[in-house]
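The following questions and answers concern the structure shown below.

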Amino acid sequence: MTTPQDLKKIISYGLLSFPLTDFDGQLRFAPKPFAERLEWLMPYGATALFAAGGTGEFFSLEPQEYGEVVRTAIQTCQGRMPIIAGAGGGTTLAIRYAQEAERLGAQGILLLPHYLTEATQEGLVAHIEAVCKCVQFGVIVYNRAGCRLTPESLLTLADRCPNLIGFKDGIGDIESFVTIRRKLGDRFAYLGGLPTAEVFAGAYQAMGCPVYSSAVFNFIPRTAMEFYNAHHAGDTATTNRLLDEFFLPYIALRNQGQGYGVSIVKAGATLVGHTAGPVRPPLSDLKPAEMDQLGQLIAKLGAQ
């Protein structure tokens with residue numbers, strides 16, 4: 001069994017990524033193409049993969065499908081790649097997801113936001129604590145959307161929940177992150193989690209957060225690794241070139257539609273010959289002209 005401290009070590013270095021979830025033409029989960037996707041991505045060198053995460057449309061999966069996605073990922077990657085499962089929603093549902101992921105053999109969970117309603121800090125602490133205490137493996141909390149944790153709340157959780165070992169930030173509040181990093185020190189592993197994290201990688205590294213998760217790894221894995229390796233080595237000539245040539249035009253295209261953070265990744269996978277099918281509503285797929293623009297950006301990078 002992977003202990004919480006084992007998971008903390010795993011996510012403390014290297015590039016992380018969230019594989020897409022494959023759907024067929026009727027928007028049903030397609031396990032065989034999903035397994036083939038994982039087989040394609042594993043050799044490129046990511047440290048760990050998050051099954052049924054945000055880019056994997058966790059929010060669109062019902063509980064039985066969730067189990068199938070996580071099970072397929074674990075069976076495909078067994079002994080070769082750590083699998084961290086997404087979990088989220090209201091407390092009772094998040095507990096159910098977390099326990100299922102542990103039962104199936106995942107190395108830990110990323111606890112996604114609870115979604116719709118706002119919550120007090122006391123409520124967030126109670127929610128995260130309940131999920132942590134229902135499992136033995138490691139938990140990473142995603143600080144994003146309705147889950148915006150203060151340093152004081154994280155200090156409380158760090159004291160109460162030994163298996164809470166990771167903090168992923170998807171908000172980008174510099175003052176808050178620096179305060180959390182200084183107050184919590186090495187108690188957590190810290191992950192950058194803003195959409196298209198490559199754009200923020202340098203700033204997060206300067207704040208003491210050298211690790212991030214890459215969505216574009218899903219369709220340009222070679223470039224994603226090239227950027228990470230250059231970032232890790234301090235090769236700003238390479239990172240700046242890739243920002244100018246690809247990432248900045250990419251985010252301009254991504255920002256043309258609500259929810260395109262997922263849709264554009266699925267579009268990219270289709271364009272490179274590894275389609276994962278359409279996105280599920282309420283997300284919508286890129287328009288044909290946007291697909292053409294994305295195809296032109298990818299073509300500039302060469303074969304992937």
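This is a predicted model: local features need pLDDT of at least 70, side-chain atom pairs count only at pLDDT 80 or more; totals for chains, interfaces and linings use all residues.

Q: Which residue of strand 8 does L16 stand opposite?
A: Strand 1 (residues 16-17) pairs with strand 8 in the parallel sense, over two bridges. Within strand 8, the residue opposite L16 is S213.

Q: Which residue of strand 8 does L191 stand opposite?
A: Strand 7 (residues 189-192) also pairs with strand 8 in the parallel sense, through two bridges. Together with helix 8 (residues 201-206), these two strands make a right-handed β-α-β unit. The residue of strand 8 that faces L191 is V211.

Q: Where does helix 10 (residues 236-254) bend?
A: The buried residues of helix 10 include L242, L243, F246 and F247. The bend amounts to about 50° and is located at L243.

Q: Which helices do the buried residues of helix 10 pack against?
A: Among these buried residues are T238, T239, Y250 and I251. Their packing partners are helix 9 (221-233), helix 11 (260-271) and helix 12 (288-301).

Q: At roughly what angle do the axes of helix 9 and helix 10 cross?
A: Two packed helices are described by the distance between their axes and the angle between them. The crossing of helix 9 and helix 10 is left-handed. Its contact residues include F227 and A230 of helix 9 and R241 and L242 of helix 10. The two axes come within 9 Å and cross at roughly 145°.

Note on methods:
Residues are numbered from 1 along each chain as its sequence is written. Side-chain values use heavy atoms; hydrogens and water are left out. Two strands pair if DSSP finds at least two bridges between them. Helices (H or I, at least four residues) and strands (E, at least two) are DSSP runs, numbered from the N terminus. A crossover is right-handed if, with the strands pointing away from the viewer, the path from the first strand over the helix to the second runs clockwise. The bend at a residue is the angle between axes fitted to the seven residues ending there and the seven starting there. Buried means under 20% relative accessible area, exposed over 50%, partly exposed in between (1.4 Å probe, protein chains only). Contact means heavy atoms within 4.5 Å. Axes are lines fitted to C-alpha atoms, for helices over the stretch in contact, and angles run from 0 to 180 degrees between N-to-C directions. A crossing is left-handed if the near helix is turned anticlockwise from the far one by less than a right angle, and right-handed if clockwise.
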